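Hi everyone, thanks for making time today. Let me put the structure up on the screen, and then we can walk through a few of its charged residues together.

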Amino acid sequence: MSSPTGPASGLPVRMPRPRQPGRHRRPEPLAAPEGAPAFVLAVPGPPSTATRSLAEEVVSIARSELPGLDARIGYLDGNDEFPTLQSVLTRAAEERFARFEQARAAGADVTEPDGPVAVVVPLLASPDNALLRRIRQAVMDSRVAADLTDVLGPHPLLAEALHVRLSEAGLARADRARLFTVATAADGIILASVGGEEAVQAAGITGMLLAARLAVPVMAAALDEEGAIAATAEQLRGSGSQQLALAPYLIGPELDAGLLDAAAKEAGCSAAEALGPYPAIGKLALAKYTTALGIAPQQSQGTPVR
């Protein structure tokens, strides 16, 4: 016979699990605030199927980290198939106003929304002033209230991503503790960026973190400056490095086709793949968004390379 407070005797009673006290307590799951601005990933470079796949993977990672996120993709050089950044921002503003009008028509006590319609996050690892000016101009041309964040780097997670790409290409030891050797592992790394001197300086900061991971010298150089990669290779060889590797400090869409292969050939070394949709890219993009809104999702410590 059931008691007033529970099931009949003999049946299991599911009790709420007590919250674990102290520093090891699980963090409360975080979701996007209701009515939060849209997260708009600004993708540079010529759009393509590969670019769209990369951008969608980055957005998917961001959504998995922050449920309920209104995430969209806008292409700097969009067309009928790939929506432009300007059109994506305009659409976000129209939908936001439509939701307000619908709520008001239903009799809800609502006020017209204020604050940014969107937070625009450039899909760039390092500052490329020419591309950032174009992104900023597209935001202005949309006439939509939107915040534009900084680029994703420099950051320790990008050093981790570079390490992984080098190890995938057989150009670096996968184990940070150097417990085993790789015959093709490089003893000098050229970190290639595009976007001028400021981009090279930003790449150099991440390069120092990469050098600490690999215990080999790492030097940054401009991929889009004639002779810069070859000169850096010569400098590394002059300091004792014999087997070099070229690591693109680039996500991918901003990289001109053939530029990386030509630079690697000029420097006489092998090259790793661009960073691409590495999980850290999506997490860093989301971090730019949440920082702009003043919310703090659970911080990732990165994935150790084993």
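Arginine 52 is partly exposed, at a relative accessible area of 25%. Please keep in mind that this is a predicted model. So what does arginine 52 form a salt bridge with? Its partner is glutamate 81, and the closest N and O atoms are 3.1 Å apart. Arginine 52 sits in helix H1, while glutamate 81 belongs to the loop between strand S2 and helix H2, so the pair ties together parts 29 residues apart in sequence. Glutamate 81 is partly exposed too, at 49%.

Is threonine 51 buried or exposed? With 8% relative accessibility, threonine 51 counts as buried, and among the residues it touches are Tyr75 and Pro253.

Now to another pair. Glutamate 95 forms a salt bridge with arginine 72, with 2.7 Å between the closest N and O atoms. Here glutamate 95 is in helix H2 and arginine 72 in strand S2, 23 residues apart. Arginine 72 is buried, at 15%, whereas glutamate 95 is partly exposed, at 26%. Both belong to a salt-bridge network that also links Asp70 and Arg91.

One more pair: aspartate 77 and arginine 134, where the closest N and O atoms are 2.5 Å apart. Arginine 134 lies in helix H3 and aspartate 77 in the loop between S2 and H2, so this bridge ties together parts 57 residues apart in sequence.

And how many salt bridges does the whole structure have? The search finds six.

Note on methods. Residues numbered from 1 in each chain as written. Predicted model: local features only at pLDDT ≥ 70, side-chain atom pairs only at ≥ 80, totals over all residues. Heavy atoms only, no water. Buried < 20%, exposed > 50% of the residue type's maximum accessible area, 1.4 Å probe, protein only. Contact = heavy atoms within 4.5 Å. Salt bridge = Lys/Arg side-chain N within 4 Å of Asp/Glu carboxyl O. Helix = DSSP H or I, 4+ residues; strand = E, 2+ residues; numbered from the N terminus. Lists of a residue's contacts leave out its neighbours within four places in sequence.
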